[in-house]
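Student: I have this one open for the first time. Can you walk me through the aromatic rings and then the strands?
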Amino acid sequence: MDDFIGLNIALLQIKGTILFNDKNITIGRMQIDSPSVVTMGTGLFKLTGNGNIWTNNATTFTTNTSVIEMSDTTGFPKTFAGGSKVYNKLLISGSGNAIYTFTGNNSFFDENILVYDYLDFDQVLPTQTSI
């Protein structure tokens with residue numbers, strides 16, 4: 001898979017196996033359904049949409065050293081439904097006002113928040129397990 005840029009579209013993984021092979025992905029939303037096996041690799045997964053921007057129901061999920069970046073300047077609410085999985089790094093970037101909701105008992109090894117005038121989390125920021 002080559003690097004993929006497809007703004008404001010959803011990338012759906014219904015079932016099967018997907019290996020991202022360390023590629024960078026820019027999309028509006030990501031939905032991973034069960035049963036599925038997902039290996040993220042070392043790539044950057046940039047989510048630029050609003051609404052349910054990340055839904056992970058994978059049967060087997062391997063984060064490796066990938067980075068998930070949530071970036072949006074519209075001010076519309078965004079939901080990260082992590083499926084109680086372990087993730088490597090979360091980066092939140094943008095400008096203006098933003099509202100993020102996190103569901104599931106997710107763990108992140110590193111979180112970074114960059115450049116917002118006002119940032120509102122509907123729930124507590126996910127657990128930071130180590131830096």
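Tutor: A definition comes first: rings of Phe, Tyr and Trp, taking the six-membered ring of Trp, pair if their centres lie within 6.5 Å. Planes over 60 degrees apart count as edge-to-face. Keep in mind that this is a predicted model.

Student: How many aromatic pairs does that rule give?
Tutor: The count is 8 aromatic pairs. One of them is edge-to-face, formed by Phe-20 and Phe-45, with 4.9 Å centre to centre and 90° between the planes.

Student: Where in the chain do those two sit?
Tutor: Phe-20 is in the loop between strand E2 (16-19) and strand E3 (25-32), while Phe-45 belongs to strand E5 (residues 44-47). They are 25 residues apart, so the pair links distant parts of the chain.

Student: Is Phe-20 buried or exposed?
Tutor: Phe-20 counts as buried because its relative accessibility is 1%, and buried means under 20%. Phe-45 is buried too, with a relative accessible area of 1%.

Student: Which residues do ring pairs link into a cluster?
Tutor: The cluster holds Trp-54, Phe-61, Phe-80, Tyr-87, Phe-102 and Phe-108.

Student: What lies over the face of Tyr-100?
Tutor: Lys-78 does, at 5.4 Å from the ring centre.

Student: On to strands. What is the order in the open sheet of 3 strands?
Tutor: The order is E2-E4-E7, and the pairing is parallel. E2 and strand E7 (60-62) are the edge strands, each pairing on one side only. From one strand to the next, the twist averages 5°.

Student: How many bridges join E2 to E4?
Tutor: There are 4 bridges between E2 and strand E4 (residues 36-39). Thr-17 stands opposite Val-37 in E4.

Terms used:
Residues numbered from 1 in each chain as written. Predicted model: local features only at pLDDT ≥ 70, side-chain atom pairs only at ≥ 80, totals over all residues. Heavy atoms only, no water. Phe/Tyr/Trp six-rings, centres within 6.5 Å; stacked < 30°, edge-to-face > 60°. Buried < 20%, exposed > 50% of the residue type's maximum accessible area, 1.4 Å probe, protein only. Lys NZ or Arg CZ within 6 Å of the ring centre and 35° of its normal. Pairing = 2+ DSSP bridges. Axes fitted to C-alpha atoms, helices over the stretch in contact; angles between N-to-C directions.
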